[in-house]
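Open the model in your viewer and keep the selection panel at hand. The stops below go from one selection to the next.

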Amino acid sequence: MIGCRSTRLIGASPTAPQDQIGCVASATPIRWPVMTLARKRRLLFGVTGAPETFVVDPQGIIRYKHVGPVTQQVWDDTLAPLIEHLRAEAANKSKGEGG
């Protein structure tokens, strides 16, 4: 897993009550925080069913949506490179603003 202070992975369940999230997450390979999405948030993100994964940039813009389980191949081929790209983009913006 890629480690960086500016990148956070948060899972969201459209249906599991918050008090049952731990049970849901422990039955999967998920190793990051999971929260319940209220109906309003599900509509906002366009959540249609589980599992769905969203990459959201620091400005709150959805940069990618993956429908289906996150396999090692999906992580290696799509999510990890995208996250690295967004980190580099943020670092370049930070250097530009600070210089």
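**Salt bridges and core**

Select Asp-57 to begin: its relative accessible area is 6%, so Asp-57 is buried (under 20% relative accessible area; exposed is over 50%, partly exposed in between; 1.4 Å probe, protein chains only). This is a predicted model, in which local features need pLDDT of at least 70 and side-chain atom pairs count only at pLDDT 80 or more, while totals for chains, interfaces and linings use all residues. Residues are numbered from 1 along each chain as its sequence is written, and side-chain values use heavy atoms, with hydrogens and water left out.

Arg-63 is partly exposed at 33% relative accessibility.

Next, select Glu-52 and Lys-65, another salt-bridged pair (3.0 Å, N to O). Glu-52 lies in strand β3 and Lys-65 in strand β4 (residues 62-67), so the pair ties together parts 13 residues apart in sequence; strands (E, at least two residues) and helices (H or I, at least four) are DSSP runs, numbered from the N terminus. Glu-52 is buried at 13%, whereas Lys-65 is partly exposed at 34%.

Finally, select Val-55, Val-74, Trp-75, Leu-79, Ala-80, Leu-82, Ile-83 and Leu-86, the largest nonpolar core (buried Ala, Val, Leu, Ile, Met, Phe, Trp, Tyr and Cys residues joined through side-chain atoms within 4.5 Å). Helix α3 (residues 72-98) gives the most to this core, 7 residues.

Conventions
Salt bridge = Lys/Arg side-chain N within 4 Å of Asp/Glu carboxyl O.
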